[in-house]
Amino acid sequence: MKQVVQNYKSGELSVLDVPVPGCKPGGVLVRSAFSLISTGTEMMKVSEAGMSMVGKARSRPDQVAKVMQSVATNGLPATYRKVMGKLDSYTPLGYSLCGVVEQVGAGIDDVKVGDLVACAGNEHALHAELNWVPKNLYTPVPDGLAPQHAAFGTVGSIALQGVRQGEPQLGEVALVIGLGLIGQLVVQLLAASGVRVVGADPDPARCELAERLGAVACGDPGSAAVETAVAELTDGHGADQVYLAAGGGSNQPVELAAHLARDRGRVVDIGKCRLDLPWNAYYEKELDVRFSRSYGPGRYDPSYELEGRDYPIGYVRWTERRNLACFLDLMARGRVDVGPLVSHVADFEDAVETYRRLKDGELKAVTALFRYPSAEVAAPAPKLEVPAVRRPAAQAAPARSSKSPVRLAFIGAGNYATSMLLPHLAQREGVALSTVVTTTALSAANAQRKFGFAQATTDLDAVLGDSSIDAVFVVTRHSSHADLTRRALLAGKTVFVEKPLALSEEELASVLATVEESGNDRLQVGFNRRFAPLLREAKNRLGARTGPASLRYLVNAGRLQHGSWYLRQDTEGSRFEGEGGHFVDTASWLLGADPVSVYAVAPSGNEDLQVVLRYPDGSTATISYVTSGAPAFPKETLDLLADGKVLKLDDFVRASVYFESTAGRKRWVSSRLPKARDKGQSNELASFIKAVRTGGPMPVPLESLVATTAATLAVQASLAGGAPVTLARSL
C-alpha cells in the first residue's frame with residue numbers, strides 16, 4: 001500500500017510503498033476514504049523538517065533538553081548516533097480520517113466489515129491507504145454524514161475538548177483568538193452552546209468565514225474592533241472565556257486575552273502559541289488559565305489508546321472516543337458545518353505536490369483533504385435516486401427550411417410568459433405564434449391581442465393534436481409542469497417548460513419514462529441565466545480551471561406579497577423548489593459539472609436557506625436564498641474563486657474578473673446599465689428556436705436538466721433529514 005512519509009532530517013516528503021498493517025486484536029483495519037491535512041499542526045511539522053539542524057533545535061527546545069540529558073547519561077557519541085538515526089528516518093503524517101472497515105480484529109463487536117468509521121491518532125489515522133486503528137480511537141459514522149466531513153472527527157474533538165475546558169454557560173460571551181481550523185470549529189461549537197462569540201484573527205477572510213459560521217463579530221486582534229465588540233456584548237465587563245487557538249511565536253494572544261477577559265474569567269489554551277503570561281494582568285483579574293490536552297481524557301494513556309481500557313462514564317463523562325462520537329453527531333444533526341472549511345480536495349497520489357503548494361503559500365487553505373481511490377464508494381449518506389436518462393432510439397428532429405417559420409404554441413399566458421418570453425418571440429424573424437392556450441378565455445384573448453397569436457383557445461387537446469405546431473411552451477403553475485410536459489412529449493412536440501420541471505422524484509421519473517416511451521427527448525427547461533451575455537463573457541474571461549472552485553451565490557429573494565400563489569406549498573411546492581433550479585443550474589454551468597450531493601439548512605422561524613452543493617472535483621457552491629434581506633440590495637450576487645482568480649457578478653449589471661498575469665495583478669470589468677439588465681432569456685430563446693429549426697441538439701443536455709431538478713428537490717429532503725443527500729443515479 002502507499003503512505004505519505006517525511007524524512008525529518010532532509011525534509012523530503014514522499015508517497016512510499018509500505019506493507020499493509022496487520023489486523024491485530026482489539027482494533028480494525030480501515031481503508032481510507034478521506035484524510036484531513038491539518039494546515040496548522042502538520043504544516044508546522046513539515047516546515048520544521050525543512051529547517052537547518054540549528055533551526056530544528058530552536059523550534060523544539062523540549063527535544064534539545066532530552067538530548068542533553070541523553071548526553072549526560074549515555075555520552076556524546078552514542079547520543080549523536082541515536083539522534084541522527086531518528087532524524088534520518090521516515091516519519092508518518094496525518095491524524096484524522098474517515099474510512100471503511102476492511103477487517104475486524106479479535107475482541108471487536110461494535111463494527112463490522114463495510115462499516116464507515118472516523119479514526120483518530122497520529123499513529124493510527126495516518127495519510128495511508130490502510131490503517132490499523134485500536135477500539136478507543138475509532139467510532140462509527142452516523143447515517144447521513146458524508147465521509148469527507150467525518151474526516152474532521154479528530155480536529156473536531158480537539159476543538160470540542162477545548163470548549164469543554166472553558167465550561168461555557170448559556171448567555172455568556174467568549175473570545176476566540178486565532179480563526180484557523182480549530183478556531184473556526186470552536187466558534188461553531190460555542191455558538192451551538194448558546195454562547196455569543198467574538199473572533200480575532202489578522203486574516204480578513206478567516207474573520208468573514210467565522211462570522212458566517214456563527215460569530216457575532218470578528219476583527220484584527222491589533223484593531224479596536226475586537227475590543228469594541230467585546231465591550232458592547234458584555235457591558236464593558238469583558239469576555240467570560242477566552243480560547244487561544246493561535247500559533248506562532250508572538251505573545252500578543254496571551255496579552256489580548258488578559259486585556260479582554262472579565263474579572264476571574266477563564267483562558268483556555270488549545271493551540272500552540274507563546275505563553276509568557278504577563279503576571280500583573282493575570283494576577284489582578286485572578287484569571288483561570290486552563291490547558292486543553294488534545295482530543296480529551298485518554299490521550300497519551302497507552303492503556304486507554306492501545307489496550308482499549310475505557311474509563312467509566314460515571315467518573316469520566318467525555319473521553320477521546322466519546323468526544324469523537326459527539327462531534328460526528330453534531331455534524332450529522334447540522335449543528336456544526338465543516339463544509340465551508342474544506343478549501344481543497346486533492347487526490348492521494350498528489351500528496352507531495354499538495355504539501356509543497358501549502359508550504360509555499362501557493363495553496364491558501366483553512367484545511368485540505370486527501371481523497372483516496374475508494375472515496376467514491378464510501379458514502380453512507382441518504383441517496384436521492386436520479387432517474388437514469390435512457391436516450392431513445394428515435395431519429396433527431398428533421399431540419400426545417402430556413403424559409404419556413406417555427407410555429408409555437410403557449411400553454412399559459414401569465415406574468416412571466418407575457419413579460420419575459422413573449423416579447424422576445426413576438427418580433428423574432430422566422431417565428432410564428434400559432435396558438436395560446438389558457439384556462440380562462442379572457443387571458444387567452446389578451447395574449448392573442450397583445451402578441452399576435454393566430455388563435456386563442458382553452459382546448460389543450462386540440463393544440464397537442466395539431467401537427468402543424470412545432471414546439472410547445474409550458475408556462476403554467478408549477479404543479480402542472482410535469483404532467484403537461486409529458487403530454488406534449490407524447491404528442492411528439494419539442495417542449496420548452498419553464499422551471500421547475502417537476503415537484504417530486506415521482507414526477508421527474510414520470511417525465512423520463514415518457515421520454516423513453518415516446519422516443520422524444522426534445523426538452524428544454526427555462527434555466528436562462530447560463531445564457532446571460534454578461535455572465536458568459538465573464539466566464540470566458542475567467543478561462544479554464546485546473547483545480548476545485550468555491551462559488552457563493554447570494555439570492556436576495558425578498559418577501560412575497562400576501563396571497564401569492566407561490567405560498568401554496570401544499571400544491572405548488574416550496575418557493576425554492578419553484579425557482580431554486582435557476583441558481584443550481586447557473587452554479588453547475590459555471591463549474592462545468594453536475595452536483596453529487598446537496599446539504600441544506602434553514603434558520604428556525606424564517607424562510608432563509610443555505611444550500612451547499614458538492615461537485616465531483618471537490619468544488620463547492622453555496623447558495624444563500626434569503627427572504628429577510630433589505631429590498632434595496634441587489635437580488636443576485638455571485639462570486640467564483642478558483643486557481644487564484646475571482647469572478648464577481650453583481651445582479652447582471654456588472655461583472656468583474658480578477659487575475660494575475662506576468663504583468664502583475666489585473667482586473668477585467670464590464671458594466672451594463674440597469675435598464676439593460678439581461679438575464680439571458682433572449683439568448684436562451686434564440687438557442688431553442690435554432691434547435692427546433694435545425695433539428696440539432698437542445699441548448700442544455702437532458703442529463704443536466706435532470707441533475708439540476710434532482711438537486712433542487714434534494715434541498716427539501718436534506719432539510720427534512722438534517723443531513724447531506726447524495727445524488728445517486730439509478731441503473
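User: What is the strand order in the open sheet of six strands, and which pairing does the sheet have?

Analyst: Happy to start there! In this predicted model, the order is β20-β19-β18-β21-β22-β23, and the pairing is parallel. The twist averages 20° from one strand to the next.

User: Why is one side of β20 and of β23 left without a neighbour in the sheet?

Analyst: β20 (455-457) and β23 (523-525) stand at the edges and have a single partner strand each, so one side of each has no neighbour in the sheet.

User: What makes β19 and β20 a pair?

Analyst: Two strands count as paired if at least two bridges are found between them. Strand β19 (residues 431-437) is joined to β20 by three bridges, so the pair meets that cut-off. The two strands run parallel, and V436 stands opposite A456 in β20.

User: Which strands does helix α15 lie across?

Analyst: Helix α15 (residues 415-426) lies across β18 (406-411), β19, β21 (471-474) and β22 (494-497). The helix runs at about 170° to β18.

User: Now the open sheet of three strands: what is its order, and which strands stand at the edges?

Analyst: The order is β2-β1-β4, with antiparallel pairing. β2 and β4 (90-92) are at the edges, and each has a single partner strand, so one side of each lacks a neighbour in the sheet. On average, neighbouring strands of this sheet are turned by 50° against each other, direction ignored.

User: How do you know that β1 pairs with β2 and with β4?

Analyst: One example is V4, whose bridge partner in β2 is V15. β1 and β4 pair over three bridges, also in the antiparallel sense. Here V5 has P92 in β4 as its bridge partner.

User: What do β1 and β2 form together, and which residue in the turn has a positive phi?

Analyst: They form a hairpin with five residues between the strands. G11 in the turn has a positive phi of about 85°.

User: Which helix packs on this sheet?

Analyst: α14 does, touching β1 and β2. Its direction makes about 165° with that of β2.

User: Why is the pair of Y355 and F370 called edge-to-face?

Analyst: Nice one to check step by step. Ring centres must lie within 6.5 Å, and the pair has 5.8 Å centre to centre, so Y355 and F370 count as an aromatic pair. Y355 lies in helix α14 (residues 351-360) and F370 in strand β16 (residues 367-371), so the pair ties together parts that are 15 residues apart in sequence. A search of the whole structure finds 13 aromatic pairs.

User: How many cavities of 30 Å³ or more are there, and what lines the largest cavity?

Analyst: The count comes to three. The largest cavity holds about 60 Å³ of space, and its lining includes K499, F527, E577 and T709. α22 (575-591) and α24 (702-721) are the elements that give two or more residues to this lining, and α24 gives the most, with three residues.

User: What makes up the lining of the largest cavity by class?

Analyst: There are five nonpolar, three polar and two charged residues. Lys and Glu count as charged, so K499 and E577 belong to that class.

Terms used:
Residues are numbered from 1 along each chain as its sequence is written. This is a predicted model: local features need pLDDT of at least 70, side-chain atom pairs count only at pLDDT 80 or more; totals for chains, interfaces and linings use all residues. Side-chain values use heavy atoms; hydrogens and water are left out. On a 1 Å grid over the protein atoms alone, a cavity is a set of points where a 1.4 Å probe fits but cannot get out, and a pocket is an open set with protein on both sides within 12 Å along at least five of seven lines; lining residues have an atom within 4 Å of a point. Grid points are joined across faces, edges and corners, and a volume is the space filled by probe spheres set on the points. Helices (H or I, at least four residues) and strands (E, at least two) are DSSP runs, numbered from the N terminus. Axes are lines fitted to C-alpha atoms, for helices over the stretch in contact, and angles run from 0 to 180 degrees between N-to-C directions. Contact means heavy atoms within 4.5 Å. Rings of Phe, Tyr and Trp (its six-membered ring) pair if their centres lie within 6.5 Å; planes under 30 degrees apart count as stacked, over 60 as edge-to-face and the rest as tilted.
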